[in-house]
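Look through the model below before reading on.

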Amino acid sequence: MAWMLPWLYDFAFYKPSSIPNYSFSPISRNFVHWEYTDGKSLYLDSDNKSYNQDQYDSLLPIQYYFILESKNKALPSLEGYPINRMSVGMGMANGSGNPASIHRPSLGVKEIMESTKYRLALQDPTQVFRCKKNSIEFINKSDNKIDTLKSRLFTDAFNAVGFNWPIVRSSGNPTSRKAYDFGYLVLDSNHEVYNMLQIHGKPYIKKTQVTPEMGITLLSMREPMNQAYFGYALGKNDSFYLIMKDYSVKKLDFKVDLNKNNFWLMGNMLYWTVTVTDDTGYDLYAINAHTYETIAHERHETPVLSYTKSLKWVFPCTFHFQRNEDKWVYPSFADWSYYALILNIILAGLLFYIKRRRKENELWLPLVTVFCGLFSFIPALFIRENS
Amino acid sequence: MNKAIFFKEWIKTKRTFWILFATMVCFSIYIIFQIFHTCEFVSPTRVWNNFIIDDKGVYINQMQFLPLLAGIILAFVQFVPEITLKRIKLTLHVPYPQQKMLLMMTLIGVLELTTIFVVSLGLYSAYLSTIVCHEIVFSSFMSALPWFVAGIASYILVSTICIEPTWRGRVIEGLMSAIFLRIFFVSVLPKAYSFSIVGLIIVVLLCFLLMLRSMFRFKQGLQD
C-alpha cells in the first residue's frame, strides 16, 4: 500500500517540471533562457524581459553562431576574440553530474585504449583493465586472457611515481569518436590524482598537482577540443577543480556536492554557464572561460508544486524501491509528513464507526490507522473478524 | 512418508517439469548461440562491448519473464488438481503434520524450479565465462538473479492463491502477489539488486507462511 498508493497518486496528479536551460549572454551580461509554456516558446532574461527568437539568437552570438552566420548576422569578434567556425567549435565545454551518476552499480572492469593515433585516427579499445589491491591487470577482449606483461609494466610504472594502491576511482572516455585521447584520471588511496595513458602499448603515468589536502573524491575526464584542461575533480567542502593540461589545478568559485546536487555545465569560448540544483532551487554561475573566475551568480528558488503540497496532507510517508538519487533497488521510506495525521485521524474515526456497525471487535485497526493512514485504512476495510 | 510425498508430487509434476526444463535449457542454448554467432561472425570484442555499455541485462534479458511463467505454470499444475478434485482434503487428513505436508509439497516444486533455473543459468554463465571476464559474468548473473527469484516467488504465491478457499481471498492475494512480484522487475540495470536480493529471497521464503494461512482457512472450511 505504502508503495502502490503514492505511485497511483503520482500517476494521477504528477506534472513534470524542469529547470529552464540558462545561458550567460555576453551581450546583455546576464542569464537568458527559453522555456516552453502553453504551447509557446518564451525567451526571457533574468529580469523577465521578453525577447523574440531573433533577438534571443543575437543575445547568444556564439551559441547560435551557425544560425546567425546563415543570416549574415554573425559577429566577427567579441571581447577581442575572433568568432569563426573553428573558434566556436574549439571553445565548447560541457559536463554534467547527479547523485545517480555516482551511486550506481559498476561493472568492475574498464576499457583502455591506445592514446596514439593509428593512421590519423583513434582505434577502439581492445583491452579492459581491472583494479586489484596492489596492481592493475589488463585483459584482452579478443581471447579473454590476462596480458601479464602489460599488467606488470603498468603496475611498475604506477609504483615508480609513488602511487598509493589501490585505485579508488578512475575516469576516462574510451571511445574512438573523439579528437584525441588523454587516457584516464586515476585517484589513489591518498587522494592524489594521476594521469594514465597507453602510448604504443607502454604506460605513461604522470602525477598531477592535486594534493591530499584537497580531498578529491570524484573525477571526470573531459578532453575538450582546445585542450586547455582535461578534467574536473570534486573535493573537500564541495570544491570544484579543473585539472589543467600542465597538470596544475585550478579551483573554481562554486560548490557542488554530487551526493545531493545536480550539476551541469555548458560553455563556449567566452563564458561557461554552470547550473547547480538542490532541493529548494538552483544556482547559476557564469564563469570566464579564460580566467576561470566567476563573473555572475544568481540564485533561483523552485516554486513548490501543488502536487508536492497536497502529497504531504494525504500520505504519512512514501515507500520506494527506486529513488532519483541512486540506481540501486532497495526499500526505503521518504517524504515523512505530520500533516497527514489529520487525515489519518479522520480515517481512523471512520474505520471505528464502520467496525462498530459491522459489530466487529478489531479495534486495534483504527489505532494503526492513526499512524499509517490510508495504507492501513484500505486493507482494514477487507479484514473481517473470523475471516 | 517424506519419500512418499515427494514421489506423489513428482508423479504429478514430472511431465511439466521436463517441459519447463527443456524450454528453459533450449532458451539458454538459443542465447548461447546468439553470443557464439556474434563471436564467430563479428568478433568477441563486440560481445564485450555489448556488456560494457549494457544497462538492461543484455542477452539474458530475453528470458526475463520466463522464470516467472515457469513458477506460475508449475504451481497451477501441482495445486489446481488438488483443489478442483478435492484431493487436498484427503492429503490433509493423512496422519502426518499438515504444515510439514504442505512444506514437503512446496519444497518439491521449489526444488524442481531451482534445478531448472540452476541448469539454464549455469549453462549460460559457463559459456559466457569462456568469452568474457568473471566481472562481466557476475554482472550478467546478477541481472538475471531477481527474475529467477521471482520465478520461485510466483510459484509460492500462485500455490497460495490456489489453496485459498474463498474467491475474495484469492482476489486480494492475487493483487498483493502482483504488487510483490513487480518488485523484481522495477529495474533491469545489472547488479541493481545487489543490496536487496538477499532480503528479497528471505521474504520469498517467508511467503510460505501465507500458504500455511490459506491452508488453515481451507481446513476451517471457509467459503464466500
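The paragraphs below describe parts of this predicted model. Residues are numbered from 1 along each chain as its sequence is written, and chains are lettered from A in the order in which they are written. Local features need pLDDT of at least 70, side-chain atom pairs count only at pLDDT 80 or more, and totals for chains, interfaces and linings use all residues.

Chain A is divided into domain 1 (1-17 + 305-387), domain 2 (19-96 + 263-302) and domain 3 (99-260), with bounds from an automatic or database domain assignment. The centres of domain 1 of chain A and domain 3 of chain A, taken over C-alpha atoms, are 48 Å apart. Their contact takes five residues from each of these two domains; two residues are in contact if their C-beta atoms, placed from the backbone, lie within 7 Å.

In chain B, helix H2 (residues 44-52; helices are DSSP runs of H or I, at least four residues) has the buried residues B:Val47, B:Trp48 and B:Phe51. Buried means that 20 or more other C-beta atoms lie within 10 Å of the residue's own, again placed from the backbone. These three lie on the same side of H2(B) because they cover an arc of only 100° around the axis, the arc being that of the directions from the helix axis to the C-beta atoms. They pack against helix H1 (2-41) and helix H6 (134-163) of chain B.

Methods
Buried ≥ 20, exposed ≤ 12 C-beta atoms within 10 Å, placed from the backbone. Helix = DSSP H or I, 4+ residues; strand = E, 2+ residues; numbered from the N terminus.
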